[in-house]
Amino acid sequence: MGRRNDRLRRRLDLRLDGQDPSARLRLPGGGSFKHSEDFRTVFGADEVLYVLSGTYGSANPETGEVRVVKAGEAVFFRKDTWHHGFSLSSEPVKVLEYFAPPPSTGTSGAYARTRPYVSEPAYRQDKFIGRWPLAAAEEKAGATMHVLRDADMLWELDIEDQGVMTGLFASTEHLTAGKTTVLPGRKSSIQMHSGDECLYVLSGCLNVLTPDRDGQVWFEVHPGDGFFVPAGARHRYANMGGEPAVFVFGVAPGYLPAAA
């Protein structure tokens with residue numbers, strides 16, 4: 001699939017029927033991934049993990065932090081954060097991952113080998129035992145992993161049609177990730193980002209207009225489909241169906257349009 005993706009990504013847009021334009025992690029019920037000398041789970045990139053199904057446990061084995069992330073929620077952490085992942089129920093867990101800067105820039109395996117090794121993983125923060133919940137503010141201030149629900153998102157409404165709303169899970173100099181809802185019969189203003197965008201449709205039917213492309217300019221994207229728009233390409237989201245169209249997305253590196 002990698003060679004096919006590379007070829008399609010050179011075009012103005014990308015639709016992968018039944019495939020994801022970003023990484024998807026799958027763990028069986030009760031399954032997990034941890035680190036080893038050869039597989040170090042600490043990278044030089046910001047990450048947003050969106051849980052598609054199941055209950056995901058995200059742990060920092062260096063600090064002892066453990067976060068429980070349910071379907072429809074996300075967890076965010078910055079570069080240099082060690083992380084382990086767990087399926088915390090008998091059901092499989094599926095997680096969509098946005099990661100930037102990308103591994104092709106040397107932020108994954110090669111970078112991980114430069115970081116001090118964690119030889120004794122921890123899954124408990126002993127320093128807060130005997131002080132909880134009195135120390136909750138201290139724990140939050142020092143957290144390296146952040147669970148993000150609807151109430152935690154930075155919300156925005158489309159400037160032309162307020163039937164299109166977007167909540168941002170996280171936005172840094174490397175990555176912006178969020179979730180957009182387009183109500184039935186509504187359409188967004190023309191969008192453009194200074195970074196590449198990968199989106200994944202969760203529910204409903206999303207129509208995407210790419211007006212500057214030669215040939216086909218309208219695309220219909222269904223649940224489980226991904227769509228890719230490269231930096232600087234103009235596009236519009238529309239919903240011609242009868243139920244809300246909801247998608248999650250990641251844009252890297254820049255979310256706002258490039259300055260004229």
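Where is the place of Asp80? Asp80 sits in the loop between β7 (74-77) and β8 (84-87); helices (H or I, at least four residues) and strands (E, at least two) are DSSP runs, numbered from the N terminus. The structure is a predicted model, in which local features need pLDDT of at least 70 and side-chain atom pairs count only at pLDDT 80 or more, while totals for chains, interfaces and linings use all residues. Residues are numbered from 1 along each chain as its sequence is written, and side-chain values use heavy atoms, with hydrogens and water left out.

Most residues other than glycine have a negative phi, and most peptide bonds are trans. Asp80 is a residue other than glycine with a positive phi, near 70°. Asp80 counts as partly exposed because its relative accessibility is 28%; buried means under 20% relative accessible area, exposed over 50%, and partly exposed in between (1.4 Å probe, protein chains only). The peptide bond from Ala100 to Pro101 is cis, with omega near 0°, and Pro101 belongs to the loop between β9 (93-100) and α2 (109-112). Another cis peptide bond links Trp132 to Pro133, with omega about 5°. Pro133 is placed in the loop between α2 and α3.

Strand β5 (residues 55-60) pairs with β6 in the antiparallel sense over six bridges, where two strands pair if DSSP finds at least two bridges between them. In this pairing Gly57 stands opposite Val68 in β6. The hairpin of β5 and β6 has four residues between the strands, and Gly64 in this hairpin takes a positive phi near 90°. In a regular strand the side chains alternate between the two faces of the sheet.

A pocket is defined on a 1 Å grid over the protein atoms alone, as an open set of points where a 1.4 Å probe fits, with protein on both sides within 12 Å along at least five of seven lines; lining residues have an atom within 4 Å of a point. The second largest pocket holds about 280 Å³ of space, the volume being the space filled by probe spheres set on the points, with grid points joined across faces, edges and corners. Its lining includes Arg67, Val68, Glu139, His146 and Asp152. The elements that give two or more residues to this lining are β6 (65-70), α3 (136-141) and β10 (145-148). Strand β10 gives the largest share, four residues. By residue type, the lining divides into five nonpolar, one polar and five charged; Ala, Val, Leu, Ile, Met, Phe, Trp, Tyr, Cys and Pro count as nonpolar, Asp, Glu, Lys and Arg as charged, and the others, Gly among them, as polar.

The largest nonpolar core has 18 residues, of which Val182, Leu199, Leu206, Phe227, Tyr237, Phe247 and Phe249 touch the most other members. A nonpolar core is a set of buried Ala, Val, Leu, Ile, Met, Phe, Trp, Tyr and Cys residues joined through side-chain atoms within 4.5 Å. The largest share, four residues, is that of β19. A second, separate core of 17 residues includes Val48, Tyr50, Ala170 and Tyr200.

Strand β14 has two antiparallel pairings of note here. Seven bridges join β14 to β19, with Tyr200 opposite Val248 in β19. The pairing of β14 with β17 has four bridges, and Glu197 stands opposite Val229 in β17. In the loop between β13 (176-182) and β14 lies His193, which counts as buried because its relative accessibility is 7%. His193 and Arg234 are 41 residues apart in sequence, and their C-alpha atoms are 8.1 Å apart in space.

An open sheet of three strands has the order β16-β15-β18, with antiparallel pairing. Its edge strands, β16 (218-221) and β18 (236-238), each pair on one side only. Strand β15 (residues 206-209) is joined to β18 by three bridges, and Leu209 stands opposite Arg236 in β18.
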